[in-house]
Amino acid sequence: MEILRCEKLSKYYGDGWTKVTALEDVNLSVNKGEFVAIIGASGSGKSTLLHMLGGVDLPDGGKILIEGTDIATLNEKQRSVFRRRKVGLVYQFYNLIPSIDVRQNILLPMLLDGQKPDEKRFEELTEVLGLTEVGLSHRMDHKPSEMSGGQQQRVAIARAVAAKPPVILADEPTGNLDKRNSEEITALLKLSNKKYKQTVLLITHDEKIALEADRIITIEDGKIVSDEEV
Ligand code: ADP
Ligand code: MG
């Protein structure tokens, strides 16, 4: 079953002689439950594609459908609700809120969405945080600044997974981490995919991590140049 689709997606930055084509006529269809890696050189349009798919930014041409809804038909407010419900975003630099603790950071998207976290959800989050070698479930009351990069990224993933959005979009989440932390973060994304059935799109520079995916898409100069099952 298809969960995400884009048709002839284009995005330009600037205009006149400074105009940059970041994406051009990109067509893509992702099925529910797929784990897709997106690779490509720096500047090839990977982040732009993920931002469009996540409704963070709007395309200049083409269409995006998530669970059959065309994002362009939503107004700004509807779009932000839609994004919160349907998409969990993970960035290279974690983007946690520094002034609140780990528990509050993780629960924020659920609270914003009007969801009441129950015991079961807490157990799941504890599982996500505790899965890895250095468990984090006892650090729920720590501020992000009191944690290492790898720990902060695990919190960011727990946050993205927590509200149970059907789609997780991760933009080089291991780009700033060492090998061991990168493996753990990849394992968490696999858990969200296998256990919670979330569809994952993961941008990575790391070939080994890309091979963990079901499918690898390569982008070059704003176009998909290859799309292969692993
Ligand atoms: P990637 O994530 O693959 O490194 P990006 O999607 O960030 O690539 O960028 C694609 C192209 O669009 C690049 O040429 C980049 O310089 C340009 N670009 C991205 N964001 C902006 C922006 N906000 N303003 C102007 N140009 C941008
Ligand atoms: Mg990028």
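Author: This is a predicted model. Start with helix 3, residues 102-112, where Val102, Asn105, Ile106, Leu107, Pro109 and Met110 are buried.

Reader: What makes residues of helix 3 such as Val102 count as buried?

Author: The cut-off is under 20% relative accessible area. Val102, Asn105, Ile106, Leu107, Pro109 and Met110 are buried, so each falls under 20%.

Reader: Which atoms meet at the start of helix 3?

Author: A side-chain oxygen of Asp101 and the backbone nitrogen of Arg103, within 3.2 Å. A polar contact needs N or O atoms within 3.5 Å, so this pair meets that distance. Just after helix 3, Gly114 has a positive phi of about 75°.

Reader: How much does helix 3 give to the lining of the largest pocket?

Author: It gives the most, with 4 residues. The pocket has 17 lining residues and a volume of about 420 Å³. Arg84, Val87, Leu89, Pro109 and Arg159 lie nearest its centre. Helix 2, strand 6 and helix 5 also supply at least two residues each.

Reader: Why are strand 4 and strand 5 called a pair?

Author: Pairing takes at least two bridges. Strand 4 and strand 5 are joined by 2 bridges, so they qualify. They run antiparallel, and Ile66 stands opposite Thr69.

Terms used:
Residues numbered from 1 in each chain as written. Chains lettered and ligands numbered in written order. Predicted model: local features only at pLDDT ≥ 70, side-chain atom pairs only at ≥ 80, totals over all residues. Heavy atoms only, no water. Buried < 20%, exposed > 50% of the residue type's maximum accessible area, 1.4 Å probe, protein only. Polar contact = N/O pair within 3.5 Å; in protein donor to acceptor, adjacent residues only side chain to side chain. 1 Å grid on protein atoms, 1.4 Å probe; cavity = no way out; pocket = protein on both sides within 12 Å on 5 of 7 lines; lining within 4 Å. Points joined across faces, edges and corners; volume = space filled by probe spheres on them.
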